[in-house]
Amino acid sequence: MSDPGAAWRFPTFLVLCFGLAAAGLGPGTSFAADPDRLPALVVRVSGPGAAPAGGDIGREIRLVVGNRGTAAAAGTTRHTAGYVVDLTLGSDRKVALGLKAYSPHYQEDVLLQGGRVSVTHDLRPGESRRYTVGAVIPVDTPAGVRFLCAYADPANAVVESNESNNWHC
């Protein structure tokens, strides 16, 4: 019988940083879906190597969202239809499209408590931004290897040149 309070291993994570830029977008920046010029959101996440069920690992999370496209990516601070980011926990490295649901109980690809970044900033091509996120692991998470995954734009609010690279575990 597994002990839900026991610590478990997270896999080693690769953190890819994009040169964090602090500049905002100026007036007149176009977010139109020009087929030749589209954003391409990417996300990278890293966290602790082990954590107990019920633990708050938010301070140990490094979450970076970047835009590898040729047009600006709309965030939610200036647009009603901008990208958000979900931080989930699951037994594999597969994350399905769609906003994740929070639950205080473990289930596959559960949205961690505090794990949705709903206030996001516009990203110019080549720009990236680090976000602070909460991450409380459900107390009934079974012991064993679990994958911490981040998904940028899980609701497909931003039309992109590449929709297949929006998640990272």
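How many bridges join strand β2 to β4, and do the two run parallel or antiparallel? Six bridges link β2 (residues 41-46) with β4, and the pair runs antiparallel. Keep in mind as you look around that this is a predicted model.

Let's start with the whole chain. Its secondary structure amounts to nine strands and zero helices. Of the 169 residues, 47% are buried. Among contacts between residues at least 6 apart in sequence, 74% connect residues at least 24 apart. The chain exposes about 8,100 Å², with carbon and sulfur atoms supplying 54% of that area.

Now for β4 and its partners. On the β7 side, the pairing with β4 is also antiparallel.

| Strand paired with β4 | Residues | Bridges | Direction |
|---|---|---|---|
| β2 | 41-46 | six bridges | antiparallel |
| β7 | 128-131 | four bridges | antiparallel |

Five of the six residues in β4 are buried, so the strand is largely enclosed by the rest of the structure.

Asn67 deserves a visit of its own. This residue belongs to β4, which spans residues 62-67. Is Asn67 buried or exposed? Its relative accessibility is 3%, and because buried means under 20%, Asn67 counts as buried. A polar atom of its side chain lies 3.0 Å from the backbone oxygen of Leu123. Leaving aside residues up to four places away in sequence, Asn67 touches several others, including Pro39, Ala40, Ala72 and Ala73. Also among the residues that Asn67 touches are Leu123, Arg124, Pro125, Gly126 and Glu127.

Notes:
Residues are numbered from 1 along each chain as its sequence is written. This is a predicted model: local features need pLDDT of at least 70, side-chain atom pairs count only at pLDDT 80 or more; totals for chains, interfaces and linings use all residues. Side-chain values use heavy atoms; hydrogens and water are left out. Buried means under 20% relative accessible area, exposed over 50%, partly exposed in between (1.4 Å probe, protein chains only). A polar contact is a pair of N or O atoms within 3.5 Å; within protein, one must be able to donate a hydrogen and the other to accept it, and residues adjacent in sequence count only if both atoms are side-chain atoms. Contact means heavy atoms within 4.5 Å. Accessible areas come from the Shrake-Rupley method with a 1.4 Å probe; for residues, only the protein chains shown count as cover. Two strands pair if DSSP finds at least two bridges between them.
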